[in-house]
Amino acid sequence: MNAAVRSAPASFAQRQFWLLDRLTGGHPVYNAPRRYHLTGPLDVPVLERALEEIARRHETLRTRLPERKGEPIQEILPASSLHIPVVDLTAQGDATRDRLAAFERAESRRAFDLATEPPWRASLARLGPTEHVLFLTFHHVVFDGWSRLVLEKELAALYKAFVSGEPWPLGDLPVQYADYAAWEYERLSGDLLERLLAYWQEQLSELPFVELPTDRQRPPRASFDGARHQFEVPVKLAHRVRSFAASQKATPFMTLMALFQALVSRLTGLDDVPVGCPTSGRTMPGTEALIGCFINPVVVRGDLSGNPTFKELLGRTRQRTIQALSHAELRFELLVLKLRPERVQGVNPLFQVLFQLRTFPRTPMEMLPGLTVESGFVDTGGATVDQAWSLNTYGDCFAAEVDYDTALFDESTVRR
């Protein structure tokens, strides 16, 4: 092994995604691709330099996960130069759009070999002298939603500084992901681990299975094939949600979670509705500046027993959400390992539906004057749970996304 390669224990999240990657047989369901439409005089060497510098700063982007004695370990590679492959579509004429879509699909759905290569890649499509599309694809083993904000902030700052000859725009990172993994193993032990386990063992006892009404029977083996349905929540309705939440001393998330639990209860007939809720998982100081996989889901059980009014349901959901988030430090991967719930082939343990509320800026990322950037979601064609509902706040609006398992649901059913 090269002396410059360093080894470190894999975090709980990395261990989980490493295992899931194997179980899915290389399905791109855990790829996290983004598309950036660049209009203006793009300096490709400067773009390469900026991304190269981000990979130098963040060790996760230089980390592979080989197996040692049946377990993954982190192998952190030395920093190296970056060359972004460019496909030229300028002469494609009317076929440009189709060629671009095919290129995007191939890039986003190409599997990573976690054991031998860093789990991210960049590619560029040239549509004209001043029009390009940048594709960045990451594996979730090193990337989450918070990481995207870190990436875009640093990419914008570095590109602008390198083009303009401005001083270095970024401070030193206080910690690296390997530091977090070591801290995590040390912290989740002893009395704290026992206290967290005791809470979740009580909260998750006799957990019901949420079986939404499907268009087809659940197959014996999961395909992990999925699609996404999107819709906008009207601004006036979003304002009413926020106003009602404030009147009940609740957050918009708690209010929307209670609404979602009520919907699932109506669809399933359950009065006990467990819902997965992702948390940032960045409890170690300094990790808010890192690119890495920290996201940690918790289970919030909706209590609809006794036919409560919505205000009563919201009060219950508010209390249970606060309790769940106050015990969110226990990693989901460790919780499953310790609780050993009954596993159903192809079904996520502990919850089958997921709900989250995220806040993102909607304005396009600006790299430098004269170059505008519009970012967009890229569909990997995958689904990790039966249905995952995400409400993204952009200013006053809620933009909703429903990722669903296409082996179970038709698009028309999800839309309805």
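Start by selecting arginine 49 and phenylalanine 162: the arginine lies over the face of the phenylalanine, 3.7 Å from the ring centre. Here a charge sits over a ring if NZ of Lys or CZ of Arg is within 6 Å of the ring centre and within 35 degrees of the ring normal. Before you move on, note that this is a predicted model, in which local features need pLDDT of at least 70 and side-chain atom pairs count only at pLDDT 80 or more, while totals for chains, interfaces and linings use all residues. Residues are numbered from 1 along each chain as its sequence is written, and side-chain values use heavy atoms, with hydrogens and water left out.

**Charges and rings**

Now select arginine 228 and phenylalanine 377, where the charged end of the arginine sits over the ring, 3.5 Å from its centre.

Staying with rings, a search of the whole structure finds 16 aromatic pairs. Rings of Phe, Tyr and Trp (its six-membered ring) pair if their centres lie within 6.5 Å, with planes under 30 degrees apart counted as stacked, over 60 as edge-to-face and the rest as tilted. Show phenylalanine 12 with tyrosine 185, a tilted pair with 4.7 Å centre to centre and 45° between the planes. This pair links distant parts of the chain: phenylalanine 12 is in helix H1 (residues 12-23), tyrosine 185 is in helix H5 (residues 177-187), and they are 173 residues apart. Helices (H or I, at least four residues) and strands (E, at least two) are DSSP runs, numbered from the N terminus.

Colour the two by accessibility. Buried means under 20% relative accessible area, exposed over 50%, and partly exposed in between (1.4 Å probe, protein chains only). Phenylalanine 12 counts as buried because its relative accessibility is 10%, while tyrosine 185, at 30%, counts as partly exposed.

For a cluster of rings, select Tyr177, Tyr180, Trp183 and Phe294, which ring pairs link together.

Next, go to glutamine 74 in strand S5 (residues 71-76). Its relative accessible area is 1%, so glutamine 74 is buried. What does its side chain reach at 2.8 Å? Display the backbone of proline 9, and you will find its oxygen there.

Serine 123 is the next stop, in strand S7 (residues 120-128). Serine 123 is also buried, with a relative accessible area of 2%. Its side chain makes a polar contact with the side chain of glutamate 107, at 3.0 Å. To see the surroundings, select residues in contact (heavy atoms within 4.5 Å). Not counting residues up to four places away in sequence, serine 123 touches Ile84, Pro85, Phe103, Glu107, Val133, Leu134 and Phe135.

**Crossing helices**

Switch to a cartoon view and pick helix H6 (residues 190-203) and helix H10 (residues 332-339), which pack at an angle of about 70° with their axes 11 Å apart. Axes are lines fitted to C-alpha atoms, for helices over the stretch in contact, and angles run from 0 to 180 degrees between N-to-C directions. Angles under 35 degrees count as roughly parallel, over 145 as roughly antiparallel, 65 to 115 as roughly perpendicular and the rest as oblique. H6 and H10 are therefore roughly perpendicular to each other.

Then try helix H7 (residues 235-247) with helix H8 (residues 252-268), packed at about 105° with axes 8 Å apart. That makes H7 roughly perpendicular to H8. Here Val241, Arg242, Phe244 and Ala245 in H7 meet Pro252, Thr255 and Leu256 in H8.

**Two loop residues**

Most residues other than glycine have a negative phi. Select glutamate 206, whose phi is positive, near 50°. Glutamate 206 is in the loop between H6 and strand S9 (226-233) and, at 78% relative accessibility, counts as exposed.

End at leucine 350, with a positive phi of about 80°. Leucine 350 is in the loop between H10 and S12. Is this residue buried or exposed? Leucine 350 is buried, with a relative accessible area of 9%.

Notes
A polar contact is a pair of N or O atoms within 3.5 Å; within protein, one must be able to donate a hydrogen and the other to accept it, and residues adjacent in sequence count only if both atoms are side-chain atoms.
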